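User: I have a chain open on my screen and would like to go through it step by step. Could you help me read it?
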Amino acid sequence: MTGEPRPSRLRRPRATLAALTIAAASALAIAGGLAACSLVGGGTIDTAGKVPFDRPLAIPPIAVAKTDATGEKVVGLTAEAGTSSFLPGRRTTTWGFDGAYLGPTIVANRGDRLRVNVKNDLAEATTVHWHGMHLPAAMDGGPHQVVDPGETWSPHWRIDQPAATLWYHPHLHGETERHVMMGMAGMVILRDQQEAALNLPRTYGVDDIPVIVQDKRFDAQGQFTDSTRGFIGAIGDTLLVNGTVGPYLDVTTDVVRLRLLNASPARVYDFGFSDGRTFDMIASDGGLLAKPAPLRGIRLSPGERAEVLVRLTPGEKVSLRSTKPDLGLDGVTSGMNAGNDTLDVLQLRAGATLRPLGAMPTVLAPLERWSLGAASVTRTFDLSGHSINEQKMDMGRIDETVEVGTLEQWVVTNSMHAPHSFHVHDVQFQIANIGGSPPPPELAGWKDTVYLPPQTEFRLLMRFTDYTSRTVPYMYHCHLLTHEDAGMMGQFVVVKHGQKAGTPPADTTTPTGDGRGPRNQEIHHEH
């Protein structure tokens with residue numbers, strides 16, 4: 001696909017609390033009759049049984065990695081513009097990495113030293129954040145690591161975390177939603193010896209399948225539009241899976257592993273199957289669960305991931321389907337925020353004969369549960385409107401200072417009657433309890449992103465290790481991207497014991513692209 005001039009900016013109206021209140025009152029007054037109006041959602045969408053499933057599922061290629069003379073694994077990613085064919089007779093302007101839409105899957109092993117040369121061939125600045133990755137703050141790809149047009153940024157770090165499904169996407173302050181909507185995202189698969197010892201499907205693109213789900217809406221010219229919105233942000237009426245509309249997957253094994261990634265900017269899904277069958281969830285954001293969790297549905301908000309195993313019989317067809325997600329909202333507000341939608345996602349077509357993979361494991365990975373009483377620091381985060389603790393994002397302000405190695409309790413509450421979520425950079429946390437109750441099995445593993453139902457308190461336990469910097473921060477924020485862009489984000493630094501936070505630099509990239517920035521002496525590796 002060929003590059004094109006810079007596309008026009010998507011229109012990005014902001015949903016304020018006042019707008020939400022007015023919209024809710026209006027919706028009540030006309031009994032939910034508002035559909036496809038800005039800020040009041042897109043009405044109820046139901047595509048169950050209506051998707052033709054007439055295109056083979058695209059499988060993103062695995063990124064080419066070369067090992068240099070020092071033993072470092074080097075991957076190149078180029079952000080570029082192009083066009084893609086989603087609708088008959090239309091070409092849609094899109095952005096991607098190493099292509100017109102999405103990006104290659106980066107596969108790496110625990111222990112690898114990884115360097116990614118990120119080149120920006122777009123006509124505007126962007127960033128690339130490694131969502132779910134444990135790495136130094138200067139390599140994180142947040143809003144302080146801007147890659148200008150024509151520049152190359154080369155973050156590098158040693159991978160030291162369990163096997164997991166992660167992803168990468170832009171994190172430019174105030175522009176994240178637009179950049180992700182244009183198509184800039186890709187999957188990261190981490191492997192380790194513990195996961196490799198288990199009898200699990202792991203042949204990429206055959207029985208181990210990336211499933212990157214996004215909702216889109218197209219205008220009359222076939223271009224992406226975000227004109228239909230709820231408080232959550234842009235609401236689409238067409239699903240893309242790995243950039244494919246109406247996809248099917250030919251299955252050749254009796255068990256298939258689906259790596260589900262909600263890469264939508266706003267929509268929450270509840271993934272299950274059209275016949276209501278049970279599947280086994282084996283991993284959440286940060287890696288394997290202690291044991292498989294048999295489920296009929298898994299709710300994923302933007303940025304969340306889940307690995308599931310589904311068993312098929314020869315010759316059958318079954319559809320991955322998102323049913324109405326429980327957002328914890330009243331019916332009207334839920335409908336205004338895509339909570340009443342049922343969407344067919346992907347059809348699985350089992351072959352006439354299926355290669356047996358044998359018995360799947362009943363025990364996965366040990367998980368030592370931390371206790372709230374062991375946490376020596378407690379922090380409180382109240383999410384309301386587009387603020388956290390009544391503050392909006394300030395690039396020059398450090399909001400929290402964490403001492404390395406300390407087990408902390410973060411008490412996170414969505415105090416309004418509308419959706420929010422919470423994502424923390426660098427770390428995988430445990431959910432100790434939700435409203436005073438233990439988390440369900442699907443939320444009992446390692447997490448970095450979680451949906452926050454209204455008026456519900458989450459107690460999260462986390463420990464930041466290895467990397468410190470007084471000046472280069474990590475982020476925490478709502479992962480509904482329009483909320484993040486509107487300022488629903490804060491910054492924290494991880495410091496050595498007894499240190500205080502410094503002043504964050506405006507940009508921690510350098511012309512040489514080493515990713516460490518002007519204060520590289522502030523970055524420490526502590527083991």
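Analyst: Let us begin with a term that will come back later: two strands are said to pair if DSSP finds at least two bridges between them. Please also keep in mind that this is a predicted model.

User: Let me step back a bit. How many helices and strands does the chain have?
Analyst: The chain has five helices and 37 strands. It is made of 527 residues, of which 63% count as buried, and it exposes about 18400 Å², with carbon and sulfur atoms supplying 52% of that area.

User: What share of the contacts comes from residues 24 or more positions apart?
Analyst: Among the contacts with a separation of 6 or more, residues 24 or more positions apart account for 78%.

User: Now strand 18, how many of its residues are buried?
Analyst: In strand 18, residues 255-262, eight of the eight residues are buried. Both faces are covered, with Val-255, Arg-257, Arg-259 and Leu-261 on one side and Val-256, Leu-258, Leu-260 and Asn-262 on the other.

User: Which strands pair with strand 18?
Analyst: Strand 12, residues 208-216, pairs with strand 18 in the parallel sense over six bridges, whereas strand 23, residues 305-311, pairs with strand 18 in the antiparallel sense over seven bridges.

User: How does strand 7 pair with strand 10?
Analyst: Strand 7 and strand 10, residues 164-169, pair in the antiparallel sense over three bridges, and one detail you can look up is that His-129 has His-169 in strand 10 as its bridge partner.

User: I also see lots of rings. How many aromatic pairs are there?
Analyst: The structure holds 22 aromatic pairs. One of them is formed by Trp-130 and Trp-157, which are tilted, at 5.6 Å centre to centre and with 45° between the planes. Trp-130 lies in strand 7 and Trp-157 in strand 9 (residues 156-158), so the pair ties together parts that are 27 residues apart in sequence.

User: Are those two buried or exposed?
Analyst: Trp-130 is buried, with a relative accessible area of 2%, and Trp-157 is buried as well, with a relative accessible area of 5%.

User: Why is the pair of Trp-370 and Trp-446 called edge-to-face?
Analyst: Their ring centres are 5.4 Å apart and their planes stand at 70°, so the pair is edge-to-face, because planes over 60 degrees apart count as such. Trp-370 is in the loop between strand 25 (343-355) and strand 26 (377-384), while Trp-446 is in the loop between strand 31 (430-434) and strand 32 (449-452), 76 residues apart.

User: Last one: where is Pro-325 found?
Analyst: Pro-325 is found in the loop between strand 24 (317-322) and helix 4 (331-336), and at 4% relative accessibility it counts as buried. Residues touching Pro-325 include Val-268, Tyr-269 and Asp-270, and Val-268 is 57 residues away from Pro-325 in sequence but 6.7 Å apart in space, C-alpha to C-alpha.

Definitions and conventions
Residues numbered from 1 in each chain as written. Predicted model: local features only at pLDDT ≥ 70, side-chain atom pairs only at ≥ 80, totals over all residues. Heavy atoms only, no water. Helix = DSSP H or I, 4+ residues; strand = E, 2+ residues; numbered from the N terminus. Buried < 20%, exposed > 50% of the residue type's maximum accessible area, 1.4 Å probe, protein only. Contact = heavy atoms within 4.5 Å. Areas by Shrake-Rupley, 256 points an atom, 1.4 Å probe, with all protein chains shown as cover. Phe/Tyr/Trp six-rings, centres within 6.5 Å; stacked < 30°, edge-to-face > 60°. Lists of a residue's contacts leave out its neighbours within four places in sequence.
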